[in-house]
Amino acid sequence: MKYIFLLLFMVPCLSYAQGDEDGWSGGDPNPTVSIDGLLYKLNTEEHSAKVANGNRWEGELLIPEQVAYEGEMYTVKQIEWIAFKDCSTLTKVTIPKTVVEIQHYAGWEDCKNPFVGCTNLECIKVDDDNPSMCSDDGVLFSKDKTQLYSYPVGAKAANYIVPDGVSFIGINAFKASPFLESVEMPNSVQRMAGGIFSNCKKLKSVRLSESITYIPAYLFDNCESLRVIDIPQNVNGFGESVFRWTHLSALVVRGTFEEDLRNDTFNCIDESMVIYVQRSEIPKFKKVFSGSIRPIEEYTTEVLSIKADVSTTPLVHFDLQGRRVMGQPKPGIYVVDGKKQVVK
């Protein structure tokens with residue numbers, strides 16, 4: 001019995017994009033075949049093909065519109081959800097107009113990133129005539145650009161601004177980027193899936209959308225360079241292990257919560273972190289966190305002691321509410337390297 005309990009305890013800690021390839025394929029009866037170096041599953045009735053999980057590719061890849069197998073032609077219409085997971089030798093990929101779906105395991109509709117862990121993938125391109133998805137600056141989106149599926153984690157830019165109009169960011173969208181240091185979301189983002197920034201070890205700053213209401217599981221898992229996270233006022237719930245294995249000095253939570261927090265919200269986090277919350281929320285946080293919890297009005301004073309080493313940029317600006325300012329600050333009064341400064 002103790003072994004069964006141990007297994008059940010471990011399941012929630014699994015990464016979203018892990019699992020046996022056949023076991024996570026939704027019971028697909030079609031066998032996997034290799035054609036010109038890529039793995040496919042073929043539908044002999046519809047004469048369609050999907051790029052299967054488990055692929056390895058070196059260099060640039062142009063996914064074909066059609067493939068031939070045993071004298072028959074098959075149109076490539078799908079890519080399985082972890083088709084290129086951890087393929088560190090893939091550098092660029094082009095998706096043809098015929099691929100209209102990134103197929104996910106049943107119940108995991110948010111999984112639209114087949115390139116998780118492709119640490120040298122610099123660019124994702126999509127044929128302009130594809131009716132279901134598109135690419136903008138090498139990033140994979142839905143056709144209408146309301147959903148961000150996959151950021152190419154091999155892109156060497158240190159900063160990324162999510163385009164205005166995006167309302168949803170999919171599971172593991174930025175996972176394991178070795179270069180990203182800051183990400184800024186527009187307020188059009190209403191929902192995020194889990195693990196978006198997990199294992200982004202250089203990530204130092206994230207500006208979250210003011211429209212989100214929930215922080216999903218493992219969002220900042222193992223983001224070891226983050227020091228301050230500011231949670232917007234509309235957020236009223238946290239998932240499992242949101243801040244696991246981070247080294248935060250301050251967590252600012254501006255909203256209120258109708259229900260108690262999950263017991264596993266602060267799994268594997270350094271309790272030297274200080275949490276700043278509304279006075280009404282202090283009892284809820286004390287139930288799940290044994291470290292220091294302070295009223296949010298104290299944060300403006302405390303932020304004066306936060307040094308600029310949370311970023312590699314020469315000057316890091318915070319507003320007087322203690323929130324980091326992304327990009328060029330507008331005229332006003334800011335906190336820079338522990339001192340107030342006027343920007344004209």
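**Parallel sheet and buried sites**

Q: Which residues cover the two faces of β20, and are they buried or exposed?
A: Strands (E, at least two residues) and helices (H or I, at least four) are DSSP runs numbered from the N terminus. Accessibility is classed with a 1.4 Å probe on protein chains only: buried is under 20% relative accessible area, exposed over 50%, and partly exposed in between. In β20, Val274 and Tyr276 lie on one side and Ile275 and Val277 on the other; both faces are covered, and all four residues are buried.

Q: In what order do the strands of the open sheet containing β20 stand?
A: The model is predicted: local features need pLDDT of at least 70, side-chain atom pairs count only at pLDDT 80 or more, and totals for chains, interfaces and linings use all residues. Residue numbers start from 1 along each chain as its sequence is written, and side-chain values rest on heavy atoms, without hydrogens and water. Two strands pair if DSSP finds at least two bridges between them. With parallel pairing throughout this open sheet of four strands, the order is β18-β19-β20-β21.

Q: Which are the edge strands, and by what angle are neighbouring strands turned on average?
A: The edge strands are β18 (228-231) and β21, each of which pairs on one side only. Axes are lines fitted to C-alpha atoms (for helices, over the stretch in contact), and angles run from 0 to 180 degrees between N-to-C directions. With direction ignored, neighbouring strands of the sheet are turned against each other on average by 15°.

Q: Which residues of β20 stand opposite Leu251 and Val252?
A: Strands of a sheet pair through backbone hydrogen bonds, either parallel or antiparallel. Here, β19 and β20 pair in the parallel sense over three bridges. Leu251 has its bridge partner in Ile275, and opposite Val252 stands Tyr276.

Q: How many bridges join β18 to β19 and β20 to β21?
A: Ile231 has Val253 of β19 as its bridge partner, and Val274 has Ser292 of β21. β18 and β19 run parallel, joined by four bridges; β20 and β21 (residues 292-295) also pair in the parallel sense, over four bridges.

Q: Why does Phe257 count as buried, and what is its relative accessible area?
A: Phe257 lies in the loop between β19 (250-253) and β20 (274-277). Contact means heavy atoms within 4.5 Å, and beyond four places in sequence Phe257 contacts Val235, Asn236, Gly237, Phe238, Glu281, Lys284 and Phe285. The C-alpha atoms of Phe257 and Asn236 are 4.8 Å apart, although 21 residues separate the two in sequence. Phe257 is buried because its relative accessible area is 5%.

Q: How many disulfides does the model hold?
A: Cys123 is buried at 18% relative accessibility, and Cys134 at 13%. A disulfide is counted for a pair of cysteine sulfur atoms within 2.5 Å. By this rule the count is zero.
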